[in-house]
Amino acid sequence: MDARRVELSALQAEIAALRRACEETPAPAENATRGQKSFQEIYQSDSEGWESSKDLRSHLGHLESEILFLSTLTGIKIRNYSKKTKDLTSTEMTEKSIKKVLQRHRLSGNCHMITFQLEFQILEIQNKKSLSSVITDLNIIMEPTEYSELSEFVSRAEERRDLFMFFRSLRFFVEWCEYRKRTFKHFKEKYPEAVHLAEGAASSCMGVRSASQPGFEVVIVWRIQIDDEGKVLPKLDLLTQVPQRVLELDKNRVIETAPLGFRNLLGVLGIEATLESLIKLLCTEEHARSRH
Amino acid sequence: MELADTLRPDGDPKGGVLAHLERLETRMHRSRKKLEEPQTVQAEESALVTEIQKLRRLRDKLRAEVKRRQAGFGLLHILQVKASTANVEPDQTWEITEQEVLERKWENLKAVLQAYRFTGLSGKLTSRGVCVCISTAFEGNLLDSYFMDLIVQKPLRIHRHSVPVFIPLEELSAKYLETNIQHFLFTLCEYLNAYSGRKYQADRLQSDFAAFLAGPLQRNSLCNLLSFTYKVEPRGQSFPLCARLLYKDLTRTLPTDVTVTYQGMDALSTSWEEQRASQENLFRTKPLHHVFTSFARKGEMLDMSLVS
């Protein structure tokens, strides 16, 4: 009873506040005219269409499933899109049956953890023979910006106005990032003592240390690079961190040549097998020593 | 609908939603007043519950209204205008609002669906599976599109497609189609876009720079092997050069192997050798038609200097 009365007064207070908010934010005039126009358009174009909200709801459901399908197919989720068209045909052009149209597109969405916002222009020229469509301007904003490899790639895509390459490479890049994260996680779980992820599984570094030899550590740096033509390639390197005196004892220069050996091994075994054998190498030393 | 009841007795409806809400609130207020009169405990409790439910509904509607206003849609304004201009029954105001919201959502979703073609990969569900459309472009020029009809069965298979026969479709589908369809499609995108790009470059060379060619451009259907004889100056007395461009990597639009030789000359002096090597480098690093554009520009500059 008391709880209900409390809820009652809370609701009353909220309603009063909401009413005040309603009065304080009147609909702005320009939006009203713009909105009004589109409202008219909706009514005019679909006046036969929507008999009831039920009809509309089922169509919405169908649309949503189609979009879900496309986002699964492409790996890219588009959330918003708008387009403005401007007719640039001059009377001179109309006489020669040439049509020139400038389209302004705005598109935003995300590919896994990376969100993007694109604005681009397409110039369409139609003459008697053919239709040419050219992207004349491309602007890309991406978040998060911590993937430094991406900022260079983005400027290149903008420069080349290569919209498709942007999406293709973005998707491959994200796929590689996910694979790297999964691989690092897998090894962390399998060898919790030896494997050390200082910056988490999503970073580009994985440390491997031998528990019996503290101060002896190797770091695998796995970068994902996008080259000039938009090809996404993994680049792995091995860094060794050993105490000075160990280096001095290393007459066969094993540690010095380790990075090269690592790269060769990658070519032969592939990424996962190479990492596995490297970790095992350090771990077995552990086992060997513990037996003494 | 109970909302309708509040309006009919009032007769002429005042402007729009806010007024509507006012009336709703007045009704709540009246029913709440009734609550404060002495009643049995049970009746009081049930009245309280009903009251809370009504207030919750009112609150939700107000929240939605505030949200809409703050989003700047001007819906209220639209409805007020619409209600006053058209013969819209005021007791249908709430239904229209919901409808309007749904319609707006529908417009947005329809637009998003259309936007997928800008990713270069788009598709539609079919009765048996999916029809995928791959768009290609080179340097912002939108080029051919290719489609592929996939039948969703075990195993997933390609029913029909318009992919040219010289693209290694079978190889790619054998490798990736079953295991990772996204990877398959985007790899196919790479191949098709690269092919489109190479074809575009070769076409441009033939159409825009025919004056520089000393013979026909020899090309294969995959456009990854090009052979031609050219001059750096179209009208000049410069020596013809033979170029052979091989694009071993089918996912690239720049050649992997370039051979440029001075026609009919084996031994070259250092300066000629330098020229030859720089030509080779040009073809390796710049798209084909851009190389010839730079030749044309150099020629223009020379002409200008001769005139002045």
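Two strands count as paired if DSSP finds at least two bridges between them; strands themselves are DSSP runs (E, at least two residues), and helices are runs of H or I with at least four, numbered from the N terminus. The views below come from a predicted model, in which local features need pLDDT of at least 70 and side-chain atom pairs count only at pLDDT 80 or more, while totals for chains, interfaces and linings use all residues. Residues are numbered from 1 along each chain as its sequence is written, chains are lettered from A and ligands numbered from 1 in the order in which they are written, and side-chain values use heavy atoms, leaving out hydrogens and water.

**View 1. An open sheet of four strands in chain A.** The strand order in chain A is β5-β6-β7-β8, with antiparallel pairing. At the edges sit β5 (195–196) and β8 (232–241) of chain A, each pairing on one side only. Strand β7 (residues 217–226) of chain A joins β8(A) through 10 bridges in the antiparallel sense, and here you can find A:I226 opposite A:V232. Helix α8 (residues 254–269) of chain A packs on this sheet and touches β7 and β8 of chain A, where contact means heavy atoms within 4.5 Å. The direction of α8(A) makes about 155° with that of β8(A); axes are lines fitted to C-alpha atoms, for helices over the stretch in contact, and angles between N-to-C directions run from 0 to 180 degrees.

View 2. Strand β2 (residues 99–111) of chain A and strand β3 (residues 114–126) of chain A are antiparallel partners over 13 bridges. Look for A:R106, which stands opposite A:E119. Two residues lie between the strands of this hairpin, and A:H112 takes a positive phi near 55°. Next, β3(A) pairs with strand β4 (residues 131–143) of chain A over 12 bridges, again antiparallel, with A:F120 opposite A:L138.

**View 3. An open sheet of four strands in chain B.** Chain B has an antiparallel open sheet in the order β5-β6-β7-β8. Its edge strands are β5 (218–219) and β8 (257–262) of chain B. Two bridges link β5(B) to strand β6 (residues 225–230) of chain B, and B:R219 faces B:L226 across this pair. Helix α8 (residues 270–285) of chain B lies across β6, β7 (241–246) and β8 of chain B, running at about 150° to β8(B).

**View 4. Where chain B meets chain A.** The contact takes 77 residues from chain B and 70 residues from chain A. About 7400 Å² is buried between the two chains, with carbon and sulfur atoms giving 66%; buried area is the accessible area (1.4 Å probe) lost on putting two parts together, summed over both. B:W106, B:Y116 and B:F118 supply 11% of the area that chain B buries against chain A, more than any other three residues.

**View 5. A salt bridge between the chains.** Eight salt bridges are counted between chain B and chain A, each a side-chain nitrogen of Lys or Arg within 4 Å of a carboxyl oxygen of Asp or Glu. One of them joins B:R252 to A:E229, with the closest N and O atoms 3.7 Å apart. On the side of chain B that touches chain A, α5(B) gives the most, with 17 residues.
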